[in-house]
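Reader: Please take me through the fold and packing of the protein shown below, in the form of questions and answers.

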Amino acid sequence: MKTIITEKDEYLLVEFIGDFDSLASRDAENDVAPVYEHDTDVVIECSQLNYVSSSGLRIFLSIYKHVHKNGKKVTVRGLNSNIEKVFRISGFLQLFDTK
């Protein structure tokens with residue numbers, strides 16, 4: 001899996017590309033570290049994300065908690081039908097704004 005973080009004018013864009021399994025979540029913990037150094041809204045782009053495991057969901061939740069405690073919001077966009085189903089079953093659709 002690949003993680004790309006880009007600073008935009010009003011938010012931080014986090015792109016997850018590939019399969020977000022337990023092995024990839026170990027690397028992703030380090031890859032998303034810049035998110036915790038910012039106090040801004042975050043948009044997580046998932047249009048190229050094929051799969052997410054419970055370990056991957058933990059990273060989404062960690063980002064949410066950091067951003068939310070600072071009074072900002074996290075938007076998740078580009079969910080395919082399988083990942084949207086995982087988000088719905090886990091209750092994550094209630095946490096995140098979605099596009």
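**Strands, core and helices**

Author: Ile 5 stands opposite Val 14 in S2. The model is a predicted one. S1 and S2 form a hairpin.

Reader: How many residues lie between S1 and S2 in their hairpin?

Author: The two strands run antiparallel and are joined by 6 bridges. Within this pairing, Ile 5 faces Val 14 of S2. The number of residues between S1 and S2 in the hairpin is 3.

Reader: Is S2 mostly covered or mostly open, and how many of its residues are buried?

Author: S2 is mostly covered, and the number of its 10 residues that are buried is 7.

Reader: Which element supplies the largest share of the largest nonpolar core?

Author: This core has 26 residues, among which Phe 16, Phe 20, Val 42, Ile 44, Phe 60, Ile 63 and Phe 87 touch the most other members. At least two residues each come from S2 (11-20), H1 (22-31), S3 (41-45), S4 (49-52), H2 (54-69), S5 (74-77) and H3 (81-90). The largest share, 6 residues, is supplied by H2.

Reader: Which residues are in contact with Val 42, leaving aside its neighbours within four places in sequence?

Author: Val 42 is one of the core residues that touch the most other members. With neighbours within four places in sequence left aside, its contacts are Leu 12, Val 14, Val 35, Ile 63, Val 67, Lys 73, Val 74 and Thr 75.

Reader: Why does His 66 count as buried?

Author: His 66 is placed in helix H2. Not counting residues up to four places away in sequence, His 66 touches Val 35, Tyr 36 and His 38. Buried means under 20% relative accessible area. His 66 therefore counts as buried, with a relative accessibility of 12%.

Reader: Within what arc do the buried residues of H1 fall?

Author: The buried residues in H1 include Ala 24, Ser 25 and Ala 28. On the other side of H1, Leu 23, Arg 26 and Asn 30 are exposed. The cover over the buried residues includes S1 (2-7), S2 and H2. Seen down the axis of H1, the buried residues line one face of the helix because they fall within an arc of 100°.

Reader: In what order do the elements of the protein run from the N terminus?

Author: The protein has 4 helices and 6 strands. From the N terminus on, their order is β-β-α-β-β-α-β-α-α-β.

Reader: What radius of gyration does the protein have?

Author: The C-alpha trace spans about 30 × 25 × 20 Å along its principal axes. For 99 residues, a compact globule would have a radius of gyration near 13 Å, and the protein agrees with this, having 12 Å.

Note on methods. Residues numbered from 1 in each chain as written. Predicted model: local features only at pLDDT ≥ 70, side-chain atom pairs only at ≥ 80, totals over all residues. Heavy atoms only, no water. Core = buried A, V, L, I, M, F, W, Y, C linked by side-chain atoms within 4.5 Å. Buried < 20%, exposed > 50% of the residue type's maximum accessible area, 1.4 Å probe, protein only. Contact = heavy atoms within 4.5 Å. Arc of directions from axis to C-beta. Rg over C-alpha atoms; globule rule 2.2 N^0.38 Å. Pairing = 2+ DSSP bridges.
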